[in-house]
Amino acid sequence: MSIGEIEQDFREKISTKIRLAPEGVDRFRVFTPFLFEDGDHLAIVLKREGERWLLSDEAHTYMHLTYDIDERDLHIGTRQKIISNTLSTFRVEDRQGELTLDVQDERYGDALYSFIQALLKISDVSYLSRGRVKSTFAEDFQVLLRRVVPEERMSFDWSDKEHDDRGIYTVDCRINNMPRPLFVHALSNDGKTRDATIALLQFEKWGIPFRSLAIFEDQESINRKVLSRFSDVCEKQFSSLTANRERIVRFLEENLFPVND
């Protein structure tokens, strides 16, 4: 594929805002709209090594995390487990701090999609350093849905097995037996909101019919740019569960019927 075709593949598979900028021989900076929580852009390079093309963060992701976390703490405990599981899931290689992903079978768009999600998931370990008090938001979310929706019509932590046998793109709750199933996301932070954005875009790409609903723990705490991108793909949102319980109940009751999957 030519560089123009690669750039077009990136735009078709991920975002029309992606562009490539040459930085020497067989090396291109990949500019995307995806950001770390503090607003910095992901650092991604497409480059040739021998006979293969690969994507690299050139060690920027770990460096970015060390602004808030001691580098040694990235390699122990829960943080290490999250990073290790993410690398394994997305088949990303850690080359002494440089994260890379080989492009297989000229599937450039698919490779970049996976690489972006891996970098964003790894960046989420920063949440573990903030000493946040564990909230009951996830439990309250399920209790509220069970108050309205029959148990047999709900699937929590749902993924589309036909297209996604590894369960990478998930929905907090899928409500079925409707003309279009309702995909409900419970969003407590920037990381969850970014993941939901990516998942909804992927479901659209696969041609899966659905409606979307988001319930935030506190929408005001979400990064403005992260929220803006999510709002482009989500049909209905409630800014908080606590302040909107009855509105959420009313919305669900009004949309549960007619019963047709």
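**Exercise 1.** How many helices and how many strands are there in the protein?

*Solution.* The model is predicted. The protein has eight helices and 11 strands. Next, take the radius of gyration, which is 20 Å. The globule rule gives 18 Å for 261 residues. The two values are close, so the protein is as compact as a globular protein of that length. Along the principal axes, the C-alpha atoms fill a box of roughly 60 × 40 × 30 Å. Finally, look at burial: 50% of the 261 residues count as buried.

**Exercise 2.** What span should helix α6 have, and what distance separates its end C-alpha atoms?

*Solution.* Helix α6 covers residues 190-206, which makes 17 residues. The expected span is 1.5 Å times one less than the number of residues. That rule gives 24 Å. The end C-alpha atoms of α6 are 24 Å apart, which agrees.

**Exercise 3.** Why is α6 described as largely enclosed by the rest of the structure?

*Solution.* Buried means under 20% relative accessible area. In α6, 12 of the 17 residues are buried, so the helix is largely enclosed. Among them are Asp190, Arg194, Ile198 and Phe203. Now find the neighbours. The buried residues pack against several elements, including α4 (108-123), β10 (211-216) and α7 (224-233).

**Exercise 4.** Which residue just after α6 takes a positive phi?

*Solution.* Start at the other end. There, a side-chain oxygen of Asn189 comes within 3.0 Å of the backbone nitrogen of Gly191. Then move past the helix: Gly207 has a positive phi of about 75°.

**Exercise 5.** In what sense do β1 and β2 pair?

*Solution.* Strands β1 (residues 19-22) and β2 (residues 27-31) pair in the antiparallel sense, over four bridges. Ala21 stands opposite Arg29 in β2. Four residues lie between the strands of this hairpin, where Gly24 takes a positive phi near 105°.

Methods. Residues are numbered from 1 along each chain as its sequence is written. This is a predicted model: local features need pLDDT of at least 70, side-chain atom pairs count only at pLDDT 80 or more; totals for chains, interfaces and linings use all residues. Side-chain values use heavy atoms; hydrogens and water are left out. Helices (H or I, at least four residues) and strands (E, at least two) are DSSP runs, numbered from the N terminus. Buried means under 20% relative accessible area, exposed over 50%, partly exposed in between (1.4 Å probe, protein chains only). Contact means heavy atoms within 4.5 Å. A polar contact is a pair of N or O atoms within 3.5 Å; within protein, one must be able to donate a hydrogen and the other to accept it, and residues adjacent in sequence count only if both atoms are side-chain atoms. Two strands pair if DSSP finds at least two bridges between them. The radius of gyration is taken over C-alpha atoms; the globule rule is 2.2 Å times the number of residues to the power 0.38.
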